[in-house]
Amino acid sequence: MKNILHIISSARGEQSYSNKLSSFILERLLQQGNINKITVRDLIKNTPPHADEVSIHEFYKHPALYDEQSQQLLSYANMIVNEVREADIIIIGTPMFNLGISTPLKAWLDQLIRMGITYVFDEHWDRVGQFKGKKVYLAVASGGKRAEGAPDYISAYLKDVFRNYTGITDVETYRIEGTMENGFTADYESILKDFGTANELF
Ligand SMILES: Cc1cc2nc3c(=O)[nH]c(=O)nc-3n(C[C@H](O)[C@H](O)[C@H](O)COP(=O)(O)O)c2cc1C
């Protein structure tokens, strides 16, 4: 039985294409069965704190030195780390903003990724991710369409972050493009047409 974590990061609620595409992915996974628990982390309703001087200091403190203030400052970070740790599958919806991810999603990542927690160093000073074996689905909405061969910064960036700092290497991207074009209609079915076949594992 699998646990799913669903991350929502567009402020546009029901109007959001990334929220909807990520919900369609969730639905497909539910159709496949074998799901134990779904946790929704809505980064708009509950905005992640930004890393500031004091919280960054706590991030690098040895756990033996944690005090009451540390626990308070790290409470959001610890909560989302536990949510990711518990999840087998993570679905992340994000709008494309200036070729990158939404700011709440960036703030969530900056709270999540932590030396000693999501990755450690081995005796050769190589990073070892602590969350290996999980699956990430990205649902990315963009107003325009990427030109043939143009870089996909969002997918490349998130894949690198997950691989290097969590050990998660299985990141699959679904895109809904051209949402701001005249007469645009969303066709989630065709975006996800190969979903079942590619994901027999789950
Ligand atoms: C601040 C801002 C920056 C944007 N930057 C881009 C961009 O770089 N490329 C693009 O194709 N669309 C861009 N868009 C359009 C959004 O990606 C598009 O509206 C998308 O559908 C938003 O996702 P959502 O529907 O999940 O809210 C931008 C929109 C805003 C508000």
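Let me begin with a term: a residue is called buried when its relative accessible area is under 20%, exposed when over 50%, and partly exposed in between, with a 1.4 Å probe and protein chains only. What we have here is a predicted model, in which local features need pLDDT of at least 70 and side-chain atom pairs count only at pLDDT 80 or more, whereas totals for chains, interfaces and linings use all residues. Residues are numbered from 1 along each chain as its sequence is written, and side-chain values use heavy atoms, with hydrogens and water left out.

I will start with the sheet. Helices (H or I, at least four residues) and strands (E, at least two) are DSSP runs numbered from the N terminus, and two strands pair if DSSP finds at least two bridges between them. On that basis, 5 strands form an open sheet in the order E2-E1-E3-E6-E7, with parallel pairing; its edge strands, each pairing on one side only, are E2 (35-42) and E7 (170-177). Neighbouring strands are turned by 15° against each other on average, direction ignored, where axes are lines fitted to C-alpha atoms, for helices over the stretch in contact, and angles run from 0 to 180 degrees between N-to-C directions.

Now to strand E3, where 7 of the 7 residues are buried, so the strand is largely enclosed by the rest of the structure. In a regular strand the side chains alternate between the two faces of the sheet. Here Ile89, Ile91, Gly93 and Pro95 point one way from E3, while Ile90, Ile92 and Thr94 point the other way. E3 pairs with E1 in the parallel sense over 4 bridges, and Leu5 has Ile90 as its bridge partner in E3; towards E6, which runs parallel to E3, there are 7 bridges, and Thr94 stands opposite Val140 in E6.

Helix H1 (residues 17-32) lies across E1, E2, E3, E6 and E7 and runs at about 145° to E6, whereas H6 touches E3, E6 and E7, its direction making about 160° with that of E7.

Which residues touch the most other members of the largest nonpolar core? A nonpolar core is a set of buried Ala, Val, Leu, Ile, Met, Phe, Trp, Tyr and Cys residues joined through side-chain atoms within 4.5 Å, and in this one, of 27 residues, they are Ile90, Ile92, Trp108 and Phe162. The elements giving two or more residues to this core include helix H4 (75-86), strand E3 (89-95) and helix H5 (103-112). Leaving aside neighbours within four places in sequence, the contacts of Ile92 include Ile7, Leu105, Trp108 and Phe162.

The axes of H4 and H5 come within 8 Å and cross at roughly 90°, so the two helices are roughly perpendicular (65 to 115 degrees) to each other. Their contact is made by Tyr76, Ala77, Ile80, Val81 and Val84 of H4 and by Trp108, Gln111 and Leu112 of H5.

Finally, a word on the backbone. Most residues other than glycine have a negative phi. Asn34, in the loop between H1 and E2, has a positive phi of about 70° and is partly exposed, with a relative accessible area of 41%. Trp125, in the loop between strands E4 (119-121) and E5 (127-129), has a phi near 65° and counts as exposed at 64% relative accessibility.

Technical notes:
Contact means heavy atoms within 4.5 Å. Angles under 35 degrees count as roughly parallel, over 145 as roughly antiparallel, 65 to 115 as roughly perpendicular and the rest as oblique.
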